[in-house]
Amino acid sequence: ADERGRTDSMILLSINSTTKEITMTSFMRDMYVNIKGFDADGNEINTKAKLNAAYVYGGAELLMDTIEYNFAVDDYVYIDFLSFVDIVDAVGGIELDISDEEAEGMKPPMAEQNKLLGNKKGTDYLDKGGKKLHVNGNQALAYARLRYVGNADFERTERQRTVITKIIEKAKSSDPLTIDKFAKASMSHLTTNMSQTQLFALTYKAIFSMNYEIKSMRIPDDDSYSYGTSSDGQSILEVDFEVCKALLRKEIYNQ
């Protein structure tokens with residue numbers, strides 16, 4: 001279907017060759033932000049809404065324009081979740097600690113994924129959780145997307161960063177053929193505002209930086225938001241944008 005839903009997760013993966021660090025930054029979907037740019041029909045848009053509404057209005061381009069406008073982050077490669085499934089499968093799956101409650105919570109997102117992937121109903125469902133369960137791409141994505149288990153979206157973003165960390169760690173220890181599959185899967189289904197030359201350079205850099213230390217953080221952090229209500233009655237996160245931008249400059253750009 002061509003219909004755009006609201007983005008489930010927004011994680012910025014940054015590579016710093018000076019500090020030899022990879023930083024994963026989760027952007028909370030309920031942040032109330034200025035959505036500024038152009039919608040899918042090319043019409044100028046300038047409104048306030050939750051961050052995940054930007055994708056509905058104008059796809060990956062408007063989402064990234066919105067993140068750039070509010071948080072001063074530019075240049076992007078946007079990867080959709082079908083590509084995410086391929087990436088996990090390319091490294092032969094990953095191991096996750098999954099609770100019984102999480103295994104049950106994975107079923108609704110997996111039902112949606114199975115429909116989009118053309119899988120038979122009930123494909124890849126888990127009967128129960130367990131320690132170091134080997135999961136495929138479809139299951140890993142459902143784990144990252146599951147809701148209503150734990151501390152709402154705060155714990156959800158932790159699961160998402162855990163999955164990406166596991167993928168990178170698995171790729172690190174893989175043979176050259178698997179790394180090649182991983183790179184090709186990572187490059188499929190993507191949207192970017194970079195040139196082919198920039199993209200090639202980034203891919204080359206990414207492959208050779210997989211041994212870097214992995215850090216993670218969340219925007220907003222604990223000291224830069226409060227709970228609020230929008231004009232239409234939705235629960236939102238009201239954000240101190242200057243504090244968030246300073247944190248990003250410090251952790252990603254070492255400024």
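Predicted model: local features only at pLDDT ≥ 70, side-chain atom pairs only at ≥ 80, totals over all residues.
Figure 1. The face of H4 turned away from its buried side carries the exposed residues Pro108 and Lys115. Buried in H4 are Pro109, Met110, Gln113 and Asn114. Viewed down the axis of H4, the buried residues lie within an arc of 140 degrees, so they line one face of the helix. An α-helix has 3.6 residues a turn, so residues three or four places apart point the same way. The partners against which the buried residues of H4 pack are helix H3 (100-105) and H5. After H4 comes Gly118, which has a positive phi near 75 degrees.

**Figure 2. The crossing of helices H4 and H5.** Two packed helices are described by the angle between their axes and the distance between the axes. For helix H4 (residues 107-117) and H5, the axes come within 9 Å and cross at roughly 135 degrees. H4 is therefore oblique to H5. The crossing in which H4 passes H5 is right-handed. On the H4 side, Pro109, Met110, Glu112, Gln113, Asn114 and Leu117 meet Asn138, Gln139, Leu141, Ala142 and Arg145 of H5. Sorted by class, this contact of H4 with H5 has 5 nonpolar, 4 polar and 2 charged residues.

**Figure 3. The crossing of helices H2 and H5.** Helix H2 (residues 81-90) and helix H5 (residues 137-145) have axes that come within 7 Å and cross at roughly 125 degrees. The angle makes H2 oblique to H5. The crossing of these two helices, H2 and H5, is right-handed. H2 contributes Phe81, Phe84, Val85, Val88 and Asp89 to the contact, while H5 contributes Gly137, Asn138, Ala140, Leu141 and Arg145. The contact of H2 with H5 comprises 6 nonpolar, 2 polar and 2 charged residues.

Figure 4. Leaving aside residues up to four places away in sequence, Thr47 touches Val33, Asn34, Ile35 and Tyr57. Between the C-alpha atoms of Thr47 and Lys36 there is a separation of 6.6 Å, and the two residues are 11 residues apart along the chain.

**Figure 5. Backbone features at Ala72, Asp124 and Pro220.** Ala72 belongs to the loop between helix H1 (53-71) and strand S5 (77-79). Although Ala72 is a residue other than glycine, its phi is positive, near 60 degrees. Ala72 has 48% relative accessibility and so counts as partly exposed. Asp124 sits in the loop between H4 and strand S7 (130-135). Asp124 is not a glycine, yet it has a positive phi of about 70 degrees. With a relative accessible area of 23%, Asp124 is partly exposed. Pro220 is placed in the loop between strand S9 (213-219) and strand S10 (225-229). The peptide bond that joins Ile219 and Pro220 is cis, with omega about 0 degrees.

**Figure 6. The protein chain as a whole.** The secondary structure of the chain consists of 9 helices and 11 strands. Of the 255 residues in the protein chain, 46% are buried. Considering contacts between residues at least 6 apart in sequence, 66% join residues at least 24 apart.

Notes: Residues numbered from 1 in each chain as written. Heavy atoms only, no water. Axes fitted to C-alpha atoms, helices over the stretch in contact; angles between N-to-C directions. Helix = DSSP H or I, 4+ residues; strand = E, 2+ residues; numbered from the N terminus. Parallel < 35°, antiparallel > 145°, perpendicular 65-115°, else oblique. Left-handed = near helix turned anticlockwise from the far one by under 90°. Contact = heavy atoms within 4.5 Å. Nonpolar A, V, L, I, M, F, W, Y, C, P; charged D, E, K, R; others polar. Buried < 20%, exposed > 50% of the residue type's maximum accessible area, 1.4 Å probe, protein only. Arc of directions from axis to C-beta.
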